[in-house]
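Reader: Please show me the model, and then let us go through the terms used to describe it.

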Amino acid sequence: MNTRLKALSDWVAEVAKLTQPERIHWCDGSESEYQTFVAEMLESGDLIELNQDNYPGCYLHRSDPNDVARVEHLTYVCTSRQEDAGPNNNWMAPAQAKQMMLDFYAGCMKGRTLYVIPYCMGPLGSPFARYGVELTDSTYVAANMYLMTRMGKPALEHIEQTGSFIKGLHSVGELDPDRRFIMHFPEELTIMSYGSGYGGNALLGKKCHALRIASYQARTEGWLAEHMLIVGIESPEGETSYLACAFPSACGKTNLAMLIPPEHYKGWKVWTLGDDIAWMHLDDEGQLRAVNPEAGYFGVVPGTNRKTNPNAFDTITHDTIFTNVAVTADNDPWWEDKDGGEPVIDWRGRPFDAKKGPAAHPNSRFTVTAKNNPSYSSLAEAPEGVPISALVFGGRRRELAPLVYQAKSWAHGVLVGASVASETTAAATGKVGVVRRDPMAMKPFCGYNFGDYWQHWLSFEERAAKLPEIFHVNWFRRDADGNFLWPGFGENLRVLKWIIDRCEQRVDAVEQPIGYLPKPADIDVEGLDVSPDTLAQLLAVDVSQWSEELAHIDEYLQSFGSRVPEQLLAEHGKVKAAFAD
Ligand code: OXD
Ligand code: MN
């Protein structure tokens with residue numbers, strides 16, 4: 001065995017005995033190893049070479065058409081007591097879940113390679129980094145883990161020194177949706193995933209480790225593992241403010257993290273630290289700081305173009321694995337709203353026919369190292385992370401939620417986060433466009449009872465010296481004809497600027513029952529096609545819509561029974577009372 005850590009070599013041997021792979025490969029994480037994975041997949045047909053003149057180092061993977069998104073109904077948190085997983089998670093008794101998974105795994109790797117992937121989440125050597133080992137029979141997963149995490153030798157060395165790591169076992173199995181489960185055992189720091197090769201189900205460092213297991217650990221250890229991008233906004237005066245923003249899947253986190261300032265924002269710069277996950281800790285001075293546990297992006301492709309997100313567009317023109325996009329006659333990757341080119345072959349590999357649906361799957365993805373990003377922050381690898389000035393929650397809401405508002409206090413901000421609701425997207429299987437409650441954008445990712453999670457959030461008030469201000473944004477508000485009221489993308493900087501000005505106490509606001517709203521004159525709309533009337537609609541708080549919303553929030557909070565913190569209910573009571581005044 002290729003390790004001196006007995007706990008690891010014993011576990012690999014035990015898994016090999018159960019799954020019976022033809023060979024075992026210990027990943028060293030080198031570039032040449034990645035190239036071997038690519039060559040093997042080109043040979044097996046798991047990857048298709050794209051046009052290397054236009055897209056050097058880019059490949060296309062076509063997944064099984066049944067395996068294109070996260071499967072929330074098949075994702076479980078298996079704590080010993082069901083109430084610890086909470087109504088926000090599917091639950092199965094650990095012994096039963098384990099037995100079912102072991103039955104699936106028996107002999108499942110016959111004829112396949114078992115890859116041993118030691119990985120680090122967070123900057124290598126950072127006190128906030130955490131380590132794991134994924135065992136998988138998928139070369140696609142091994143290649144994606146190379147791009148998404150710090151995998152290989154240095155991670156293994158660290159694991160050997162400390163003896164501690166998260167165990168993740170994955171097999172694509174038969175890719176049969178009836179034999180597919182993503183199981184988490186937070187009390188044992190173990191993940192078992194079977195029957196899917198899709199990112200969120202199979203790249204176990206991401207949602208399974210860095211969110212579900214990490215959120216559970218974070219609660220006991222006093223930190224936060226959140227579904228948040230991390231971005232640095234530098235003013236022309238050279239002052240950089242860091243924001244961490246939580247939006248549900250496929251609601252533009254990658255776009256916001258890579259934002260390009262509008263033309264008349266001369267001298268402004270935006271730096272990306274992370275596009276999906278933030279791990280946040282209080283430092284010795286009691287200041288909240290964030291690191292991004294990931295090293296790459298697994299982003300939604302459709303809609304990315306030179307206008308909406310030039311940085312993302314540049315990032316994915318080389319050394320990228322595309323999953324489920326279409327291709328053009330020139331063998332370039334193609335997706336809806338790419339702006340240029342025509343699809344010839346659709347994501348399933350069939351001649352493109354518009355009558356059969358979109359050319360690229362709506363949840364088609366790119367996997368790419370963060371270092372490809374022209375706006376990659378020089379502090380992205382800083383072991384101590386960056387100080388966070390503002391936490392921003394948001395959802396995709398046609399109505400109700402104004403463009404931006406600020407919570408009145410930390411506890412009120414926790415309520416604002418707990419009350420987030422959003423229209424569902426293609427990132428998970430199921431109906432798209434249905435409004436559901438998605439507290440802190442963590443509905444699919446919190447590894448324990450939301451009631452306890454909110455209490456954990458509230459506890460920061462006592463422990464911190466200076467907490468970030470909390471905001472809520474909604475880029476997706478529409479008029480009666482269904483048109484977006486706000487242009488979004490780079491123009492969102494105008495809203496972020498108000499947020500930063502509020503944090504620095506440079507600008508006043510209007511107090512409303514739901515929080516502090518901008519005075520219309522303080523949202524810069526110069527050069528935009530946003531009339532005073534549109535801005536008024538964007539900032540409107542409709543009392544009858546809000547009273548319905550408050551009743552829903554009540555019902556939702558009550559569904560967590562005695563686990564809901566009294567303080568949260570009291571905050572909700574204050575908002576209701578303010579509307580009644
Ligand atoms: C993701 C998701 O892939 O949230 O980041 O689904
Ligand atoms: Mn995500």
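Reader: Why are α11 and α16 called roughly perpendicular to each other?
Author: The axes of α11 (residues 410-418) and α16 (residues 566-580) cross at roughly 90 degrees and come within 9 Å. Angles of 65 to 115 degrees count as roughly perpendicular, under 35 as roughly parallel, over 145 as roughly antiparallel and the rest as oblique, so α11 and α16 are roughly perpendicular. This is a predicted model: local features need pLDDT of at least 70 and side-chain atom pairs pLDDT 80 or more, while totals for chains, interfaces and linings use all residues. Residues are numbered from 1 along each chain as its sequence is written, and side-chain values use heavy atoms, without hydrogens and water.

Reader: What makes the contact between α11 and α16?
Author: Contact means heavy atoms within 4.5 Å. On α11 the residues are Ala-411, His-412, Val-414, Leu-415 and Ala-418, and on α16 Gln-567, Leu-568, Glu-571, His-572 and Val-575. They divide into 6 nonpolar, 3 polar and 1 charged; Asp, Glu, Lys and Arg count as charged.

Reader: Which side chains make polar contacts with ligand 1, and how do you know?
Author: A polar contact is a pair of N or O atoms within 3.5 Å. An oxygen atom of ligand 1 is 2.9 Å from a side-chain N or O atom of Arg-70, a polar side-chain atom of Lys-207 lies 2.9 Å from an oxygen atom of ligand 1, and for His-227 the distance is 3.4 Å.

Methods: Chains are lettered from A and ligands numbered from 1 in the order in which they are written. Axes are lines fitted to C-alpha atoms, for helices over the stretch in contact, and angles run from 0 to 180 degrees between N-to-C directions. Helices (H or I, at least four residues) and strands (E, at least two) are DSSP runs, numbered from the N terminus. A polar contact is a pair of N or O atoms within 3.5 Å; within protein, one must be able to donate a hydrogen and the other to accept it, and residues adjacent in sequence count only if both atoms are side-chain atoms.
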